[in-house]
Amino acid sequence: MADDFPPMTSIKRWLVTTNHKDVGILYLATALFFLLFGGILALLFRVQLWSSGGVILSDSAFNQSVTTHGLLMVFWFLSPFAAGFANYFVPLQIGAKDLAFPRLNALSYWFYLFSGLLIGISFFQGGTFEGGWTMYAPLNVPMYTGMEAATGGNTAILALTLFTISITLGTMNFLTTIHRSRAEGMGLWNMPLFTWSWLLTVWMMLFAFAALLAALLLLATDRILLTQYFATDQGSSLLWAHIFWFFGHPEVYIVFFPALGIMFETFQTFTGRRLVGRKWVIIAMVLVAVQSFLVWMHHMYLTTINLEIKTLFMATTIGISLPFDLMVFALIYTMVKGRVRFTTPFLFSLGALVLFILGGITGVFLGAVVLDYEFRGTYWVVAHFHYVMVSGVTALIAGLYYWWPKITGKMYSEALGKLNFAVYFVGFNLLYFPMFLAWETPRRVFHYQEGMEIWHQMATVGAFVFGLSFLIMFYTLGKSLVSGPDAPDNPWQYARTAEWAIPSPPPLENWSGRPSYASGRLEFVDETPAAAPATDGGSPASDGGALTTADAVHGTLDQAHGHGHEEEHADHASIWPFGIGIGMFVFLLGVSGLTPSVAALAEWLDPEWAAEAGISGSVDYLYPAITLAGLAILAYVLFEFGREQFNAPEMAVAERWPFEGVGNTKLGVWFFLASDVVVFGAFIGAYVFMRIYAGWDTWGPVPDHTWAGLLNTYILLTSSFTVILALVMAERGNKKGLIATLGATLLLGLSFMGVKAWEWYDKFLQGDFWFSGLEYSLYYVTTGLHGVHVLLGLFIAVFMLYRIFTIDAYLEDSRPVEFFGLYWHFVDIVWVFLFPLFYLM
Amino acid sequence: MASVRLYAIIYVVLLVLGTSKFVFFTFDHYFTYLAIDPYWGAMGATLILAVAKSLLIMAYFQHLIDEPRSISYVMGMGLFMVFLLTIAAGYSIQ
């Protein structure tokens, strides 16, 4: 309740908030912290590179710095910074009051924060991961180091896994929100371009990050449980490259699209005209989003994949540059047709465009197979992707200056902002352009040949100038916060999206009337019974419509500031997302140190194998204890999270194409399942790939008893039947029937796990363990992931039974039973494929 | 929402299809009468049945048949990603 909600000056507010604007601010602040973290690491290794073979860092410290810099900037700064803007402004731009699942949104943030803290801690666990941000196999497994030395690296991998889970939750949330919470009259075509760019970003994230999650889970099992996915010479490095780059290339656009959206918004605002070819720009973005999944093998030209597929992917890579050409020309022509105002946000956006053009052109070289043979692994690649990625950063900083007055309610000094841009632009080019000239320098190595020193020294000076520009930025914004003049609702005159039609900063509930574009322009409808049926504002529709002036925008403000009215109460506070974040943090911290204990177990189970593999470990009690503590915390907080009454009402009137007729939560579950299809698919795909690599007939089924798999098939199919009967019972309000069918599902699930446990035990007795060889790893891990899904389903079933017993849950609202069923049937479908793959073929 | 009777019929069909997979591999020599390699014949038939089973579960137990078509497309996209990755990666090492 807004009245009970702690004020912004209270620490408690920031621990419990689920409001999208607060979460957006948390994302922005945290991302800036990680920018500093990654930036300081960059300065460290740039100093090391002042001369060939520099000495301020040890070999390992250099590798750790380079690796963590890459990971932090790509994962913990770029996307989360964009997510901060998206959290704050996407609901405002589409006319929503919050995201579809506010608690899930807070949970995404806490997972993000705690995953970053894990990265920080990993430095103090004997050193963090040092295999490069691409984590290529076999450098990503500790086969060249002792088990004890693996802990910090494990923490980094688990941190990235947690980050990926955070992204997946955010993706489900934004997809549901944008597709089902748009204000009346706001069709997809009319959405503001930043929201469009974010919508496509989250669509790409849904599938790309699922592949990354699969890769990281496999890597984590290798590092912690000693499985063999990435430690063999039987296709391991190719397997990693395929799954990683299936994620990694869309990731480039995932990072860049929000920046592009900000460029579109700021170009429109500061040229005072609609983006030229707006519709075609949207089509081009959609094309890029689709094509982004068709180019990943251009990162693998130097591997042993065949020439035909390399040639095919060269063609798709050239193809993806074409829609970008359209977007670049649209921006340029918008400038030509408009009257440019060189404000700080525009300067940063223009700078981003210039840098992106350079980055894009230099990337075309790498898309060509023959040229890539020469450039791969050199500073050409480093220079190219920094021109692309950091041009994205440049546009994000444009976004920060653009929306700063809206977020804080304060204006900043334009003079300082322009000084910031000048130093930034000079520093950027001084840092990265010499890398093109020193292109023969090998990546991730601090020894380079004579004659390169001048370019590296220029780059190092540039790095410090670039770093200085960020200090100027913090000073400018800090000064604004302390003593800047109050910002008007719309300081940019031609800003046209809905966030500029409400006060700066916006009120907690965003708007008191209901935003509507039904008439073709933004209006705020007062829905109190006594009120007039509709109001009339002066602002046109989203940025797809005609231009408006500040006066026109202000015309809507009387309504936006307007009087309150009766509406469904929405909650804004829950402590449990924070609690779950802590639980996951403690749990993963504990898991990171289990490798030595698992090694000791492996040594005990199979001394011969351990001696041959050079594996030895010792049982450690600290990390297992931390793991158990984490599990205990998670059990408690998840239970309370499930019990908590939290109201996040769906919008009564909204545009919902193409997902009308399905509720928010159900749609969210479907998005989760679509993502899980890719996770499981990547696991199964890994099995198929490795078996093809080994020669399909080389391996047979690992389990000895086909009947056990068949029995489990019957058990799971029967449990699917009992779950569907549970839904029928819930719909009929039949409590006994509901308890009986859900209870039967629980028993069947336990039976499934029992058969699986027996089957594994039987294999163990024969000396076939998960680490015994690649085919065993594939069997245990894939069926193990399925088993974990069954187990999670059983926990949910137990919780639901508890709720039925205690509060007669689901008898009046059967939807949660249906949602559980969707998940359970999905787990069943996965088994439909696992049974033949692992027991018959 | 379908009736209990329909759910029961689907369940029985699923059990039969599940058993058939086992049968194909146990009596795979019958594929030789169709001039098909026994192993690949059993594998092909089994995968077809697996797809059929999945479609039945999705359509009737997960009620995709009653949901907006767009949800089927979302799941289709996920499946497309899996096939794309697996087939292209598999082909790349031929």
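**Notebook: chain B, with a note on chain A**

I looked up the secondary structure of chain B and found three helices and zero strands, where helices (H or I, at least four residues) and strands (E, at least two) are DSSP runs numbered from the N terminus. From the N terminus on, I read the elements of chain B as α-α-α.

I note that this is a predicted model, in which local features need pLDDT of at least 70 and side-chain atom pairs count only at pLDDT 80 or more, while totals for chains, interfaces and linings use all residues. Residues are numbered from 1 along each chain as its sequence is written, and chains are lettered from A and ligands numbered from 1 in the order in which they are written.

I then checked the overall dimensions of chain B, whose C-alpha trace spans about 45 × 35 × 15 Å along its principal axes. The radius of gyration of chain B is 17 Å, whereas a compact globule of 94 residues would have one near 12 Å; the radius is taken over C-alpha atoms, and the globule rule is 2.2 Å times the number of residues to the power 0.38.

Turning to confidence, I found that chain A averages a pLDDT (the predictor's confidence in each residue, from 0 to 100) of 93, with 94% of the residues scoring at least 70. Over residues 531-566 of chain A, however, the pLDDT is below 50.

Conventions: Contact = placed C-beta atoms within 7 Å.
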